[in-house]
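Subject: Structure handover

Hi,

Here is the structure for your files. My notes on it follow below.

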Amino acid sequence: MDAAEQIAVMWRHVRGPVIVPLLRASVAVCLAMCVLLFVEKVYMAVVITAVRLLGRRPERQWRWEPMREDDDPELGNAAYPMVLVQIPMYNEREVYQLSIGAACGLSWPSDRIIIQVLDDSTDPVIKEMVQIECQRWARKGVNIKYEIRDNRRGYKAGALKEGMKHSYVRDCDFVAIFDADFQPEPSFLCRAMPFFIHNPEIGLVQGRWRFVNANECLMTRMQEMSLDYHFKVEQEVGSSAYAFFGFNGTAGVWRISALNEAGGWKDRTTVEDMDLAVRASLKGWKFVYLGDLMVKSELPSTFKAFRYQQHRWSCGPANLFRKMFMEIVRNKRVTLRKRIYVIYNFFFVRKIIGHILTSVFYCFVIPATVFVPEIEIPMWGYVYIPTIITLLNAVGTPRSVHLVIFWVLFENVMSIHRTKATFIGLLEAGRVNEWVVTEKLGDIMKMKLQSKASRKLRTKIREIRERLHLLELGVAAYIFSCGCYDMLFGKGYYYIFLFMQSTAFFVVGVGYVGTLVPH
């Protein structure tokens with residue numbers, strides 16, 4: 001008996017008693033998760049439609065009056081609350097000038113604002129450059145502080161926490177936070193602060209990200225589609241219906257008393273922003289999201305940077321859910337409705353089910369069923385519901401509707417990394433606290449593109465080796481083999497999807513994603 005016959009005999013022995021029941025159970029679980037995700041997406045679509053039709057703008061939902069200098073002439077600038085602006089940095093050579101310049105250009109009385117640059121850079125040259133830039137703005141009369149520390153303990157959360165300990169912060173009532181690649185418009189504070197002034201229960205006002213490099217390459221267009229849905233739908237629904245959503249870590253303003261009551265910054269997970277938001281919400285503080293208060297930012301345009309970012313964004317929420325589940329359940333200061341929303345909608349469905357379903361169902365279970373024809377997946381499970389979910393996601397970025405197929409295929413590829421990170425967070429495994437700062441490229445890409453042809457052969461060989469991703473290539477081979485089998489012996493048309501998906505995995509696997517293209 002040759003090797004092929006032995007494999008066939010082994011397959012017949014395990015197929016009936018092991019493979020078929022296991023695969024049937026996997027299909028049932030995936031279909032259940034699919035229904036949960038579908039209900040969540042439809043629910044958010046209904047809420048956001050109602051918000052639009054009823055005109056429930058934040059200015060109508062909360063007390064709000066524009067800031068005017070002539071409101072109280074006797075008080076003068078004292079009528080404006082004292083605001084601290086924090087800019088955490090780490091080796092931000094390409095973007096530090098943009099962020100510092102934008103923060104120093106905010107329209108707010110100069111004696112009522114402090115710009116605080118928190119520089120954790122390990123490169124002494126970059127450190128000196130940032131310090132010189134701060135000194136340049138200080139000579140112009142801007143109240144700007146350059147702060148460093150002798151370690152990076154706690155990463156961004158540690159830097160923000162240390163920044164709040166300085167004596168001059170005691171005079172501040174609010175703190176605005178902008179990452180190093182974010183550039184707020186001059187009117188940012190004038191738009192956000194009235195919500196705090198007229199509504200003492202509001203602890204956070206969050207702005208929306210606007211991406212300056214969305215057209216850099218196809219990968220940034222895909223990111224724009226995902227993040228636009230997050231901001232235009234998820235954040236809007238949370239703000240309008242529950243006065244709760246996850247703080248995005250930047251482009252937002254906190255009431256310092258809310259921040260302190262919640263326990264301040266903690267570095268126990270890689271999502272210190274979400275951690276703070278959940279704790280503050282459990283103390284009874286309300287949040288407001290302003291969809292038309294946009295702040296320019298940069299999307300990661302290399303696959304390596306994007307992959308690290310997605311690991312952090314997927315691992316952190318899962319780990320936070322593990323740590324805070326019982327605390328949320330036992331909390332008595334917020335309503336049962338809000339606690340259910342935080343546990344089920346915010347964490348369980350969006351942060352866990354969404355990632356696991358996409359990778360397990362579409363990348364492993366559906367391809368495997370071609371070898372077991374007696375297991376049939378209902379049409380609603382692999383066509384109708386996924387199509388509706390995809391269309392609901394696509395409405396956030398109308399200009400990219402024609403790219404929706406590419407977006408689905410790319411999201412399926414990334415779901416492998418997100419699922420892996422989710423389980424690492426839930427189980428608190430090896431890379432649970434891994435923090436890699438997302439690379440920002442700014443305008444330097446123009447110079448890099450011009451010098452690309454002059455690289456040495458050794459460097460190019462190393463880059464090729466770094467661009468190969470064995471996980472993606474392995475999954476591509478698996479899905480492609482399933483597609484070939486279905487085309488030859490199957491009765492359905494799974495192979496059309498399987499060939500498209502295997503091609504997407506292969507393209508990512510050989511590193512042809514995130515290539516920077518001139519505008």
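Start with Thr270, which lies in the loop between α8 (256-261) and α9 (272-282). Helices (H or I, at least four residues) and strands (E, at least two) are DSSP runs, numbered from the N terminus. Thr270 counts as buried because its relative accessibility is 5%. Buried means under 20% relative accessible area, exposed over 50%, and partly exposed in between (1.4 Å probe, protein chains only). The side chain of Thr270 reaches the backbone oxygen of Arg312 at 3.3 Å.

Some ground rules. This is a predicted model, where local features need pLDDT of at least 70 and side-chain atom pairs count only at pLDDT 80 or more, while totals for chains, interfaces and linings use all residues. Residues are numbered from 1 along each chain as its sequence is written, and side-chain values use heavy atoms, with hydrogens and water left out.

Now the sheet. It is open, has seven strands and mixed pairing, and runs in the order β3-β2-β1-β4-β6-β5-β7. Its edge strands are β3 and β7 (286-297), each pairing on one side only. From one strand to the next, the twist averages 20 degrees. Two strands pair if DSSP finds at least two bridges between them.

β6 (residues 252-255) has two partners to look at. Strand β4 (residues 174-177) pairs with β6 in the antiparallel sense over four bridges. There, Phe174 has Arg255 as its bridge partner. Strand β5 (residues 202-211) also pairs with β6 in the antiparallel sense, over three bridges. Here the bridge partner of Leu204 is Trp254. Which way do the β6 residues point? Gly252 and Trp254 go one way, Val253 and Arg255 the other, and all are buried. In a regular strand the side chains alternate between the two faces of the sheet.

At the other end, β2 and β3 pair in the parallel sense over five bridges. Gln116 stands opposite Lys145 in β3.

Next, helix α3 (residues 96-104). Seven of its nine residues are buried, including Tyr96, Ile100 and Cys104. The buried residues of α3 pack against β1 (83-89), β2 (113-119), α4 (124-139) and β3 (144-148); contact means heavy atoms within 4.5 Å.

Last, Phe325 in helix α10 (residues 303-330). Phe325 counts as partly exposed because its relative accessibility is 33%. Its C-alpha atom is separated by 9.5 Å from that of Phe347, 22 residues apart along the chain.

Best wishes

Definitions and conventions
A polar contact is a pair of N or O atoms within 3.5 Å; within protein, one must be able to donate a hydrogen and the other to accept it, and residues adjacent in sequence count only if both atoms are side-chain atoms. Axes are lines fitted to C-alpha atoms, for helices over the stretch in contact, and angles run from 0 to 180 degrees between N-to-C directions.
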